[in-house]
Amino acid sequence: MNDTKEQDTLRQQYEVTVIGGGIHGAGIAQAAAAAGYSVLLLEKKDWASGTSSKSSKLIHGGLRYLQTGQFSLVRESIREREILLEIAPDLVHRNHFYIPLYAGSHYRSWQLHIGLCLYALFGLNRKACRYRVLTNDQAQHLNGLQKAGLKKVFCYPDAQTDDALLTRAVIDSARSLGAHACNPANLLAAKHVGGGYRLKIDWQNTEHEVFSRLVVNAGGPWANLINSCVTPAPPCANVDLVQGTHLVLAGQISSECFYLEAPQDQRAVFVLPWKGNTLLGTTETTFEGDPDQVAPRQDEEEYLLIVLKHYFPSFNPQVLERFAGLRVLPRDEARHAFHRSRETQLLCDNPCSPRWISVYGGKLTGYRATAQKAVKLMTKSLGRKSARADTRKLLLTPATNESATPRANYGSAD
């Protein structure tokens with residue numbers, strides 16, 4: 001979709017240029033504009049057209065990351081979840097998440113108690129962050145869930161969103177703060193010159209040249225490809241691309257969410273309400289090749305449907321939609337993708353006075369926190385400006401020509 005909201009000409013100079021119109025690029029553009037900088041945001045296709053529209057649609061604290069000791073990430077994610085529930089009430093909704101525990105489950109009841117207690121403590125033990133255990137009678141009324149061998153069902157609160165609409169709302173917020181956002185706009189080349197970078201950009205089928213005092217590469221899976229267009233080449237992280245596939249199934253199993261343990265390998269798989277249907281995902285499959293060519297694989301679909309059948313044997317799945325996105329994870333051949341860090345990496349060409357910052361990894365939930373870290377780095381080379389706003393308090397609303405998923409389709413958590 002061509003963006004028609006912008007003026008016909010680009011300025012000759014910006015203080016900050018952000019490359020990539022996913023949630024992290026949107027968040028960094030918003031935060032930089034809020035901090036008082038002049039900002040240009042570039043996206044080669046449409047806003048949120050990559051990973052940021054192909055996630056599990058969750059704003060969550062990352063309960064499963066407690067297993068790998070990523071406590072600071074969980075703490076940050078829970079804090080950001082609560083902020084987003086306040087500033088984006090039409091886009092982010094709390095919901096109940098159920099974890100069924102069976103006689104043959106890999107994890108024990110005491111482990112889940114400890115994990116969920118920690119989760120609540122990281123949320124300052126507020127009522128909205130506490131978990132409970134369902135009574136036997138309550139558990140028996142969960143729609144379609146396999147009851148044979150069921151020992152306990154844990155319930156805890158997290159949140160859901162429409163990831164693409166959230167991204168566009170953040171971009172609209174950035175624009176309201178003065179950011180100039182262009183799509184489709186493709187970076188052709190970048191060259192370091194005194195005090196910044198000279199950028200060549202293809203926009204509206206015309207080559208443009210602008211100077212930017214600082215550039216943020218928020219290209220996600222395309223980050224290293226973008227860096228290959230830069231002279232001299234900035235530092236690149238050694239990363240793997242890991243594919244996550246989701247299926248949208250006809251009909252809604254439940255208005256609540258299920259956090260399930262895959263019987264094949266004990267991975268976490270979610271069954272979620274999604275616009276009157278059911279969202280099932282995700283997978284972790286190493287991806288090699290062109291990120292533009294990512295697509296769901298047959299073995300991934302089979303994997304997900306086996307998990308669904310294991311827990312909901314009476315549900316007859318009819319696949320309405322398949323989509324796949326790419327995670328950017330640190331390369332570590334000794335560790336499975338599940339065990340690798342989900343912390344965001346920010347690499348600079350010059351740590352003392354950065355002019356090119358590359359963003360690797362990160363979670364949908366933590367986009368605002370990542371943006372604040374990027375702005376902190378910006379101040380090293382650009383200095384501080386008079387702030388226009390605080391992103392912790394800026395309200396986010398769906399674009400006027402968009403509509404958020406009705407709250408009823410998410411369910412709700414008291």
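Does Lys 57 count as buried or exposed, and at what relative accessibility? At 5% relative accessibility, Lys 57 counts as buried, where buried means under 20% relative accessible area, exposed over 50% and partly exposed in between, with a 1.4 Å probe and protein chains only.

The model is predicted, so local features need pLDDT of at least 70 and side-chain atom pairs count only at pLDDT 80 or more, whereas totals for chains, interfaces and linings use all residues. Residues are numbered from 1 along each chain as its sequence is written, and side-chain values use heavy atoms, with hydrogens and water left out.

A salt bridge is taken as a side-chain nitrogen of Lys or Arg within 4 Å of a carboxyl oxygen of Asp or Glu, and by this rule there are 21 salt bridges. The table gives some of them.

| Pair | N to O distance |
|---|---|
| Lys 57 and Asp 163 | 3.1 Å |
| Asp 172 and Arg 175 | 3.5 Å |
| Asp 390 and Arg 392 | 2.7 Å |

The salt bridge of Lys 57 with Asp 163 links distant parts of the chain, 106 residues apart, with Lys 57 in the loop between strand E2 (39–42) and strand E3 (58–59) and Asp 163 in helix H5 (residues 163–176); helices (H or I, at least four residues) and strands (E, at least two) are DSSP runs, numbered from the N terminus. Asp 163 is buried as well, at 1% relative accessibility.

Asp 172 and Arg 175 are 3 residues apart in helix H5, and therefore separated by about one helical turn; Asp 172 is partly exposed at 22%, while Arg 175 is buried at 16%.
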